[in-house]
Amino acid sequence: MTNYLVTGGAGFIGANFVKYMLKTYPDVRLVVLDALTYAGNLATIEADIDGAKCIFVKGDICDKNLINSLFAEYNFNYLVNFAAESHVDRSIETPQLFLITNILGTQNLLDAARKAWTTGKDPQGYPLWRPDVRFHQVSTDEVYGSLGAEGYFTETTPLDPRSPYSASKTSADLFVRAYHETYRMPVTISRCSNNYGPYHFPEKLIPLIIKNILEGKSLPVYGDGSNVRDWLYVEDHCKAIDLVIRRGRVGEVYNIGGHNEWKNIDIVKTIIRTIRNIMTERPEYRKYLKKSGIDWINDDLITFVKDRLGHDQRYAIDPSKITAELGWKPETGFETGIVRTVQWYLDNQDWVNQIISGDYIKYYERMYGNR
């Protein structure tokens, strides 16, 4: 039995990773640690928790006693750190929260792993490590800053964070790297482009647009909508992380991108068109619309709002390294993935309604008003 500690495993990417691993490997045990703050939802993985192959622990990665006790009890082989405060707008409002969770929390996990996984020291004083362990840090392309109209982020692109969120993730990455250099800790880091797919928290762009259309509300788009993001279907990302953990070179960074660059405004228009098509072909889904008919589902719903402070213009990742070394390529084109994603949200409105009944509503209305 291979033991994983998956932190932030009730969040969007973490939960999809848990489901992927349980589906793919019969001989793993996943201990899922999540504080269940605004973006963590136990309902996402509740059906997967069985007390044997998947164990859930509610807790904070900053809790030293808890983390140390989990290492002692479960003898982990791998730690996969998804846990993070992750929304840029929230980081602008409350930057210190991002420092605490994303930096100090990561350092706490590193320290617990170092204590649990070392078996002594070599003649030079460096720690000796168990041969069957790995610390994997899940990061973001936002640590690289902003691109112009051309070019791509590579693993050697200088780090240039532009928001409190990306600064905190950059700091966490550097701590992971420092533990490798200082203690020779077996680590890997992956930096991904924007993920989309099932179980995405409704404050993010794609699920927010789906939600607003169903409710007949306007669709807020920052600035003029020209900001470009590279979109990656979440299960493709999970497959890449699994490869990096099992076969990636220790101490290395791997960029994971989807080859799917889209302007934000084009994303919104694509979702409008997709929902309208589904409502035309499958009229039974119209029960989820708060307004009658479908003629109003058009580009007139778009409302341009004041641009985000320090809004990066373009992100685009070059995943050549992970392709060349590990054979990974994105499998899901955006045209396929976005239809699959919209369909999932329509088929899982109970999950969506549970999420938006809590803290998210207050946050959304504070940011955009009751549009």
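Serine 166 is classed as buried because its relative accessibility is 1%, where buried denotes under 20% relative accessible area with a 1.4 Å probe and protein chains only. The structure is a predicted model, in which local features require pLDDT of at least 70, side-chain atom pairs count only at pLDDT 80 or more, and totals for chains, interfaces and linings use all residues. Residues are numbered from 1 along each chain as its sequence is written, and side-chain values use heavy atoms, with hydrogens and water left out. Serine 166 belongs to helix 5 (residues 164–183), helices being DSSP runs of H or I with at least four residues, numbered from the N terminus. Apart from neighbours within four places in sequence, serine 166 contacts Glu142, Val143 and Pro161 (heavy atoms within 4.5 Å).

The axes of helix 10 (residues 334–347) and helix 11 (residues 349–356) approach within 5 Å and cross at roughly 75°. Helix 10 is therefore roughly perpendicular to helix 11, a term covering angles of 65 to 115 degrees. Trp344, Tyr345, Leu346 and Asp347 of helix 10 meet Gln349, Trp351 and Val352 of helix 11 in this contact.

One cavity of 30 Å³ or more was counted, a cavity being a set of points on a 1 Å grid over the protein atoms alone where a 1.4 Å probe fits but cannot get out. The largest cavity holds about 60 Å³ of space, the volume being that filled by probe spheres set on the points. Its lining (residues with an atom within 4 Å of a point) includes Phe12, Asn41, Tyr199, Trp351 and Ile355.

Terms used. Helices (H or I, at least four residues) and strands (E, at least two) are DSSP runs, numbered from the N terminus. Buried means under 20% relative accessible area, exposed over 50%, partly exposed in between (1.4 Å probe, protein chains only). Axes are lines fitted to C-alpha atoms, for helices over the stretch in contact, and angles run from 0 to 180 degrees between N-to-C directions. Angles under 35 degrees count as roughly parallel, over 145 as roughly antiparallel, 65 to 115 as roughly perpendicular and the rest as oblique. On a 1 Å grid over the protein atoms alone, a cavity is a set of points where a 1.4 Å probe fits but cannot get out, and a pocket is an open set with protein on both sides within 12 Å along at least five of seven lines; lining residues have an atom within 4 Å of a point.
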